[in-house]
Amino acid sequence: MTDTLARPDLLLLSMILAPWVGAVLAGLLPRYARNGAAALSWVVALVGLVSAILLYPNITDGPVRHEIRWMPSLGIDFVLRLDGLSWLFSVLVLGIGALVVLYARYYMSPKDPVPRFFAYLLAFMGAMQGVVMAGNLVQLAIFWELTSLFSFLLIGYWYNNQLARDGARMALTVTAAGGLCLLIGVLLLGHIAGSYDLDVVLGAGDQIKRSPLYLPMLVFVLLGAFTKSAQFPFHFWLPRAMAAPTPVSAYLHSATMVKAGIFLMMRLWPVLAGTEEWYAIVGTAGILTLLIGAYAAIFQHDLKGLLAYSTISHLGLITLLLGLGTPLGFVAALFHTLNHATFKASLFMAAGIIDHETGTRDLRRLSGLRKAMPITATLAIVAAAAMAGVPLLNGFLSKEMFLAEAVSNPRDYDRNLLLPVLATLASTFAVLYSLRFIHQTFFGPPAQDLPSTPHEPPHWMRFPIELLVLICVVVGIIPGLTIGPFLATGVQSVLGEATPYYSLAVWHGFNLPLLMSLVALAGGTVLYVLFRRPINTNPHGGPRLFRPFDGVRIFDGVMNGLTAASERGASVFGTNRLQPQLRNIILVMLLAAVLAALPFWSGLGANGFTLTPPDPGFVVLWLLGIGCALIAAWQAKYHRLAAVVMLGGAGLASCISFVWLSAPDLATTQLLVEVVTTVLLLLGLRWLPKRQDAIHIPPSEQRRAKARRVSDLLVAIAFGAFTAAIAFRVMTMPAAPDGIGRFFLEHAYEQGGGRNVVNVLLVDFRALDTLGEISVLGLVGLTVFALLLRFRPGADSLSAPEQQRVQRASDERHETRQPGDTLQDTMLVPRVVMQWLFPVIVLFAVHLFLRGHDEPGGGFAAGIAMSIAFILQYMASGTRWVEDRLRIRPLKWVALGLGIATLTGMGSWIFGYPFLTSWFRYAELPVLGRVPLPSAILFDIGVFGLVVGSTVLVLIALAHQSLRKPRDRAPAHPPAPPLEEVV
Amino acid sequence: MTDAAQLPLWAAWVVTALALAGAGLSLVGAIGLLRLRRFYERVHAPTLGATLGMGLVVGASILFFSLLEGELVLRDGLIALFLTLTTPVTLILLARAAVFRDRTEGSEDVPADLHH
């Protein structure tokens, strides 16, 4: 072991990074690489475990911390923090993780895609490590949600099983909702303590308990803890989660994830516990969960169901111990957490083996397995005895501590019999269900009708159980020599000075707790003998009196109610018609904009602007533009072609305005955009319904139509006026001497390396905005594509257009001509010219792109120019001809463009700069000469690719719409490839 | 455009004359487009501006910038090249569409379908 290996920060990092890296690697393995994935996971768990063990000497005196700056402006850093408590939980997570991996290697069928399973399992391990090693509350909440997420994926691993899907969804809903509550809780906690750093928070105990926000904060934190640790009334998801593969149940739902809630309560115990509120909430939840879980476990017919309810009950026990708020209660809670993890994980694995070997988990069908699998039976019996609290096993010790605490509850007003009696009752139940588990499964006559003949499992599948049961026994006999020092470190790390005296000895003399234990053992046995038959023949597989309180039913009811309520809301507020939707969206947008603008509106005259004398040429230009726009609006309903032409006129007017006002960059872009927009609009026109004068419209409808049009007009005018007002206000603002415009002009070259300020603005200073904008552009392209993929035109535009029909009829009349010849002839010269112009336009696009950083141009303009080149080819030669020769694959362009832009932005992280920081220099290239090569040019390439992809995507979608066979056209051509294939 | 003052007087005259002549031809074409009656007549009018008119303006521009920059500037020739290439496309498409429409409507104006 060298010094580098022993460096605490590296060890800390490897404890949390190894599982995540392993998860990614496992996910990349081939589909059925069972051994590879298992070996990888095993190594990962061992690396983490060895790191933890090497770190132990460092944490006996106090926490080890490693900080990575994350969001310093918010006071949130990524802090890895390991102390005694988190060390114990880490070892639990990694150690049981290693055993579960070994077990899962044999449990999982070679027909399952096992690498996916191990990838989830490792990712869960990483998330769990993140929770227990978090030195920052927000970080803890994030990893907390990650554990919920991977638990969901693991429960739903066999996703073609309905039960697995339902169980996964329920677990996710409950635990992730709890995680959100936890986030609120830790935000409140951080607010009270003044920092999210765990060490600061832990040092602010008095401040937190005195705060008026203490109670709401406590409730939210506990909601998180209770949902995760399956405390009543949120316990119902855990039995449903048993649809998961058994290694998952053994790992997540007994040993680790459900302990996250317990961990959280322990972690925050010094600052939260000890108040009346804490005692009332945590104690009540704990005792209820303890009793209900134990009682329900008795009646389960499913092996795993029994274990699940038993887990709930034990979690309730630990919660109750924490709720008591006494240091000794804390010691007992921590001890029982460790013990429970060992015996419950081994029991789950045993249940999995039984299921694996016999094909059933039904306690009513199982019987006499003692003969078929003697070793497994012995192991399971010992583990179940530990669960029941039989002396000389670890479960006995912590249960004894629990009973002692129940008897000596220091609260005067609670010095009554209730708590000890209930504790004894719950212990009796535990004995009862443990006994039933053992007796039904392993004793009695050998079962006859099992789906498969049971025998012992492979040795290495049994090995994890052997090891865990060995721990149960060793800890149960010599606790002080085995678990003692580690437990002490864990307790010390939380309680510090307040660490009480406690003894782990097996024999404390004949006292009240021991008597209670003996009563429970005897009582449980007697009850089992008495009620064995009715329990085993109970058809419900659950206690009857719980029906009204059944969490699953309540959950389903709430879910159904939510669905119904949203449907009602959608039917009241929503509509399927496009126009009202658009109108509502625009009205809401307008309202929001007005509200947002109001505070900045300090009167029109306040600016003291003076009107410059208008240039007559400019006035004429604008009058023309306004006229075009008005005619376009006027004609849009019935003369769409004229409207599109007029729209082009209005666009040209604004284009010339840009030239006039010395903005060549905007003018270039505007011109190119106008061209593409017009072409795409014209292509779409063909699919709009025709006007039918023959339809008689009743006068009442006419009135309504008129009213609707007037209201549309008003909306349009309001929106236009508002936009104009904003523009007016902004343009008449006095230019501040240190305004942002000046800043850009002065720093564009110096910091962005470009003389074209607009382009530098787009790809450098405001590159994040551009990234957002191109994402939207990509989305628009995808949306048009998706809409047109399923678009079925109206009946009247289904047939070929009249022109096509006439031409074909004419061609068909002549013997010497083929259908389509007329079109061919017409397009002969244009086609040749357009084809020859293709490389020229591509060159032009490259030119625009390369000069963009210093002179008008840039990725956006280049992208539009490039797509014009493609559009021309489609127009000149037809879709089939082009696609036979050139597959453009616009979806790839979109993906590449967005990917390049994002990666360029992330590239600056490598050099330690924030996202999208740019860097530039000039380079001497052959032929081209001196070319500016800022890193922003890569970003610009991304913009270029996305613009091309998005535009061409729309084009191709429209083009293929025309290729779909109208009914009256004979299939003269081979069918065109489906749209999905060309893109 | 402040550099325009550095131009020799004779050159200023020539450039102005060329530009004005080109613009004038384009104006004539535009008026023709407005005044002529039939489509097939009107389609010819704008070509005045697109051919000779354009040539004169481009000539003016080449002369102006060549003298100003002290070397032969030919990049404006690209305008001439591309306009010459692309204008016929528009005209052919327009004329074909008109012929098609007139034939479909059975107008006397156009020669009947050659393939009859």
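This is a predicted model: local features need pLDDT of at least 70, side-chain atom pairs count only at pLDDT 80 or more; totals for chains, interfaces and linings use all residues.
**View 1. The 48-67 stretch of chain B is 100% helix.** The unreviewed UniProt entry lists residues 48-67 of chain B as a "transmembrane region", along with residues 12-36 and 79-99. Residues 79-99 of chain B are likewise 100% helix and 0% strand, and here the end C-alpha atoms lie 30 Å apart.

**View 2. Chain B has 4 helices and 0 strands.** Of its 116 residues, 14% are buried. Taking the contacts in chain B between residues at least 6 apart in sequence, 54% join residues at least 24 apart.

**View 3. Chain A contains 41 helices and 4 strands.** Chain A has 983 residues, and 44% of them count as buried. Among contacts in chain A with a separation of 6 or more, 78% come from residues 24 or more positions apart.

**View 4. The largest nonpolar core has 213 residues.** A:L154 and A:A383 are the two that touch the most other members of this core. Helix α16 of chain A, residues 327-358, gives the most to the core, contributing 18 residues. Another core, of 54 residues, lies apart from this one; A:L837, A:F870, A:F939 and A:A957 are among its members. Which residues does A:A383 touch, not counting those up to four places away in sequence? They are A:F343, A:S346, A:L347 and A:A350, together with A:V469 and A:C472.

**View 5. Strands β1 and β2 of chain A form a hairpin.** Strand β1 covers residues 64-71 and strand β2 covers residues 76-82; they pair in the antiparallel sense over 6 bridges. To follow the pairing residue by residue, look for A:R65, whose bridge partner in β2(A) is A:R81. For A:H66, the bridge partner in β2(A) is A:L80. Between the two strands there are 4 residues, and A:G75 in the turn has a positive phi of about 75 degrees.

**View 6. Helices α3 and α4 of chain A pack with their axes 9 Å apart.** Helix α3 spans residues 84-107, helix α4 spans residues 114-132, and the angle between them is about 170 degrees. Because of that angle, α3(A) is roughly antiparallel to α4(A); the cut-off for this description is an angle over 145 degrees. Where the helices meet, α3(A) supplies A:S86, A:F89, A:S90, A:V93 and A:G97, while α4(A) supplies A:M125, A:M128, A:Q129 and A:V132.

**View 7. A cis peptide bond joins A:F232 and A:P233.** The omega angle of this bond is about 5 degrees. A:P233 lies in the loop that connects α9 (214-228) to α10 (237-240) of chain A. A:A230 lies in the loop between α9 and α10 as well, and its phi is near 55 degrees, a positive value in a residue other than glycine. Is A:A230 buried or exposed? A:A230 has 31 other C-beta atoms within 10 Å, so it is buried.

**View 8. A:S662 has a positive phi, near 60 degrees, in a residue other than glycine.** You will find A:S662 in the loop between α28 (640-660) and α29 (664-685) of chain A. Because A:S662 has 9 other C-beta atoms within 10 Å, it is exposed.

**View 9. A:R755 lies in the loop between α31 and α32 of chain A.** Helix α31 covers residues 740-752, and helix α32 covers residues 757-765. With 13 other C-beta atoms within 10 Å, A:R755 is partly exposed. Which residues is A:R755 in contact with, leaving aside its neighbours within four places in sequence? The contacts are A:Y749 and A:D854. A:R755 and A:L745 are 10 residues apart in sequence, and their C-alpha atoms are 8.8 Å apart in space.

Technical notes
Residues are numbered from 1 along each chain as its sequence is written. Chains are lettered from A and ligands numbered from 1 in the order in which they are written. A residue is buried if 20 or more other C-beta atoms lie within 10 Å of its own, exposed if 12 or fewer, and partly exposed in between; C-beta atoms are placed from the backbone. Two residues are in contact if their C-beta atoms, placed from the backbone, lie within 7 Å. A nonpolar core is a set of buried Ala, Val, Leu, Ile, Met, Phe, Trp, Tyr and Cys residues joined through C-beta atoms within 7 Å. Two strands pair if DSSP finds at least two bridges between them. UniProt positions are given in the numbering used here, feature names are shortened, and annotations may be inferred rather than shown by experiment. Axes are lines fitted to C-alpha atoms, for helices over the stretch in contact, and angles run from 0 to 180 degrees between N-to-C directions. Angles under 35 degrees count as roughly parallel, over 145 as roughly antiparallel, 65 to 115 as roughly perpendicular and the rest as oblique.
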